[in-house]
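Try each task before you read its solution.

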Amino acid sequence: DEGTFLGLLTADVSPDRFVTPGPNSVRLGSTLFTPQGVVYNGGLNSQSSIPVRMTITNASNAVVYNDLQTIGSLASLTTVQVNFGQTGNVSGTTSLPVGVYTLEFRTELATDLDMTNDTIRTTVTLKDPMSGIYTINPVGSGIRNYVSFTAALGDLNFLGAVGAVTFQVSGGTYDDTRETFP
């Protein structure tokens, strides 16, 4: 036996993962969505009345959405999915303009014995439906450039189009076996 092993704490509740929106995802701007996350009880004891919060901040770090929910009870070593409101019960809404936002999902159990795992973050990029000229250039940059055919067609399928869409492809060989077309 090698290493140092720590026993389970009696109270250790933490966010496990984002469900909606998924980590580092792209969504349609100015459209309501229902934030969802999964909470894990890694402690030895069942917990009840667990406050969980989802916040969304914009590029200026201003909170534009804040919703607080309470999990009634959660048995030891189990998970539960939490659905937050499209309109935050503290403030804001999920119908946000185009931009990049940070989502923070956290548990706020006062008796939690390990608060170092109580917060996770991800980003979501909100975009308008596509229209106009875009580039596909693996070494390009900018909001109208895609580094792969997969990314460009994925956005076109997801966001839709409100006008003509043209992809200008930079010269070169595109033989990457990782390209998949949605």
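**Exercise 1: the surroundings of Asn145**

The backbone oxygen of Gly140 sits 3.4 Å from a polar atom of the Asn145 side chain. This is a predicted model, where local features need pLDDT of at least 70 and side-chain atom pairs count only at pLDDT 80 or more, while totals for chains, interfaces and linings use all residues. Residues are numbered from 1 along each chain as its sequence is written, and side-chain values use heavy atoms, with hydrogens and water left out.

Task: find which side chain makes a polar contact with the side chain of Asn145.

Solution: 
- Start with the element: Asn145 lies in strand β11 (strands are DSSP runs of E, at least two residues, numbered from the N terminus).
- Next, check burial: Asn145 is buried, because its relative accessible area is 11% (buried means under 20%, with a 1.4 Å probe and protein chains only).
- Then list the contacts (heavy atoms within 4.5 Å): beyond neighbours within four places in sequence, Asn145 touches Thr135, Ile136, Asn137 and Gly140.
- Finally, pick the partner: the Thr135 side chain makes the polar contact, at 2.5 Å (N or O atoms within 3.5 Å, one able to donate a hydrogen and the other to accept it; residues adjacent in sequence count only if both atoms are side-chain atoms).

**Exercise 2: the lining of the largest pocket**

Task: work out which element gives the largest share of the lining of the largest pocket.

Solution: 
- Elements giving two or more residues include β9 (119-127) and β10 (130-136).
- The largest share, three residues, comes from β9.

Notes:
Helix = DSSP H or I, 4+ residues; strand = E, 2+ residues; numbered from the N terminus. Buried < 20%, exposed > 50% of the residue type's maximum accessible area, 1.4 Å probe, protein only.
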